[in-house]
Amino acid sequence: MGSVLALSSSPGRQNWPFSTDPPPSHWDRRDGRLPNPGSFHSLHRSCKDVFPQQIEGVKMILNKTLSSFFKVSHTLHLSAVSPSYYRFHVEHLQSDDYSKDKDAPALIGEMDSSGSLNAHALLHLTERVRARTVFQTQQSQFVTWQFETEYRGNDFTAAVTVANPDIIRESVILVAHFLQSVSSGLVVGGELVYHRGRAEEGGILTLAGQYSRPNWVATLNAGKGGAHASYYHRANKQIQVGVEFEASTRTQETTTSFGYQMELPEANMVFRGMINSRCIIGGVLEKRLTPLPATLIMGAFVNHRGDKLQVGLGINVG
Amino acid sequence: RYLWRFGLSWACAPTDCNSQGTSADRSLYMGSVLAAASPSPAPAAAGGSQGVQGLASFPPGFTMPPLSSVPPTSGSGQQMADADPPLPNPGTYEECHRKCKEVYPLQMEGVRLVVNKGLSNHFQVSHTVTLSTLGDSGYRFGSTYVGTKQTGPAESFPVMVGDMDNTGSLNTQIIHQLASAVRTKIAIQTQQHKFVNWQCDMEWRGEDFTSAVTLGNPDVLVGSGILVGHYLQSITPALALGGELVYHRRPGEEGAVTSLLGRYTGDNYVATLTLGGAGAHATYYHRANDQLQIGVEFEASTKMQDTTTSLGYQLDVPKANLLFKGTVDSNWVVGATLEKKLLPLPLTLALGAFLNHRKNKFQCGFGVTIG
């Protein structure tokens with residue numbers, strides 16, 4: 001389900017719409033009350049951020065901040081395996097006291113050289129109620145259109161999402177999320193997915209739990225559709241480690257991955273590596289070329305089972 | 001049928017010479033390492049930008065060590081004074097187009113790690129691990145031995161170079177100086193256990209001329225072989241003229257191809273033209289200043305019935321430890337390579353990408369060289 005809600009191309013944790021407080025703030029006690037658990041999508045996020053993203057071909061990203069509200073970026077991707085494209089991305093923030101720690105109400109749009117559109121609108125309707133709308137098209141055809149409403153209580157979060165409602169085909173996907181802080185480190189919740197098509201309908205219930213300590217976070221989602229467990233550990237200021245296990249009843253397979261992230265701020269370098277039970281090994285190196293406002297990214301992924309290699313280079317300017 | 005002409009450009013052993021060699025030496029060195037790492041795909045992958053000269057094709061970076069300390073392409077009249085100076089030796093036949101070809105970037109793909117280790121003044125070893133997106137990843141071990149007979153400030157003989165693949169393919173050359181003017185070379189190349197190329201060559205350098213005879217893939221049982229004769233003569237300090245005769249024989253057929261070569265060297269440029277039965281090949285090399293070198297190449301082949309023009313340039317910024325090479329082709333191929341030394345460490349990072357607009361194909365790769 002998470003894949004329906006993610007931006008198609010985002011390398012970008014910074015593009016994640018409802019990026020919630022990172023784990024450290026879960027552990028802050030505010031006046032002895034239990035903290036808000038954040039949103040359901042970000043449960044596994046701290047572990048997923050440790051893993052490198054597959055990079056292929058040459059990608060050049062030019063970021064330009066036109067004002068404190070308005071940001072624009074141009075992406076040019078030359079690839080050997082998929083068609084090359086140019087992508088234009090624009091972000092308009094609702095308020096200019098944006099900081100990465102909070103959710104930022106924003107309008108985000110992305111357009112491809114083939115005409116594919118990706119549009120997100122995030123609004124803070126009141127202090128506790130948030131709304132999000134996502135539209136994704138593949139050239140001229142709409143692939144995703146969904147509407148989400150989230151209510152953040154003192155120590156709980158509840159959200160309802162309507163995805164791809166189609167009156168003509170009589171199909172819809174409804175998702176309801178609920179997360180409750182039970183103690184200062186423990187968050188428990190669930191997700192109910194109801195999908196209906198012309199010929200069939202069904203529901204899947206998944207229970208989720210997350211336990212956080214100052215240095216590590218363990219999360220588990222279990223339900224009829226499969227299980228997803230992740231463990232994130234921050235060894236020291238420089239090294240973070242993540243282990244992930246996924247099992248799906250639909251595809252009848254399980255995958256275990258191990259990833260680590262090494263940050264060397266003195267060398268302006270971040271390295272992420274991962275190894276998989278599917279015999280995939282990958283590593284991505286990001287280096288800031290300091291006098292210039294540019295970042296060089298080099299990555300390679302090897303699939304030993306199929307004996308395939310994917311190599312990528314990228315440069316981010318601005 | 002390809003005839004491989006290998007020569008070895010002797011690059012100083014790491015303990016021997018100043019690590020801040022000229023950019024030409026360094027690119028030759030890099031070229032020889034890269035060429036040693038993958039000699040077989042290099043001419044196939046290089047396509048139109050690395051030409052075929054008659055029947056001969058060669059990977060860049062491999063040339064015979066210069067006999068005298070005067071490189072053949074320097075302004076040959078500059079060090080000589082006055083009337084009737086002796087004409088300089090023109091160098092070898094293969095080197096004539098070399099200066100222009102070295103300006104062009106090599107196609108890179110996949111990931112390559114090269115570790116070079118100099119074990120002594122005479123012996124050097126290199127390990128190469130290649131992970132390739134187009135197949136055949138592997139490990140290659142290469143070694144170079146330079147003998148003790150010293151004939152010049154930077155040359156010693158015999159030179160033995162060998163490298164072996166993880167599939168068992170061997171590539172080896174032995175170069176030796178038999179007398180003060182005669183050099184001989186034996187080169188063998190195998191593809192796993194099968195011998196693909198075996199050739200022997202002898203070169204005689206006179207005062208103002210060079211002549212060479214090569215016997216390639218002689219097979220007494222089948223009665224086939226290739227015989228190549230080269231002759232290059234200095235007419236004036238700047239002008240050199242020469243010719244090549246290739247005679248090939250197979251059971252049932254035999255044939256010969258001749259070409260004529262002319263090379264003119266100016267203060268900061270070299271223009272070379274080869275005309276023959278197999279087509280025409282013209283190159284122009286220009287050294288604009290200390291940092292920028294440009295090469296233009298035109299090739300016409302009667303066998304393939306097509307012509308290619310390419311422009312290449314090399315930008316050397318020693319202060320930034322950067323070497324950038326770019327090329328544009330009449331086949332709508334655009335490519336570039338960037339090499340940077342990451343200085344406190346003995347590491348060199350190389351990034352390269354080639355884009356063929358006509359066929360809409362893209363290739364990129366990077367490599368790290370240690371030592």
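## Cysteines and disulfides

A disulfide is a pair of cysteine sulfur atoms within 2.5 Å. In this predicted model, that rule gives a count of 0 disulfides over all chains.

Two cysteines illustrate the result. The cysteine sulfur closest to that of Cys47(A) belongs to Cys279(A) and lies 20 Å away, which means that the distance is too far for a bond. Cys47(A) counts as buried because its relative accessibility is 1%. In chain B, Cys100(B) likewise takes part in no disulfide; the nearest cysteine sulfur, in Cys96(B), is 12 Å away. With a relative accessible area of 2%, Cys100(B) is buried.

## Strand β20 of chain B

Strand β20 of chain B spans residues 347-356 and is mostly covered, with 9 of its 10 residues buried. In a regular strand, side chains alternate between the two faces of the sheet.

Strand β19(B), residues 333-342, runs antiparallel to β20(B), and 10 bridges join the two. Within this pairing, Thr337(B) stands opposite Gly352(B) of β20(B).

β20(B) and β21(B) form a hairpin with 4 residues between them. In that turn, Asn360(B) has a positive phi of about 55 degrees.

Key. Residues numbered from 1 in each chain as written. Chains lettered and ligands numbered in written order. Predicted model: local features only at pLDDT ≥ 70, side-chain atom pairs only at ≥ 80, totals over all residues. Heavy atoms only, no water. Buried < 20%, exposed > 50% of the residue type's maximum accessible area, 1.4 Å probe, protein only. Pairing = 2+ DSSP bridges.
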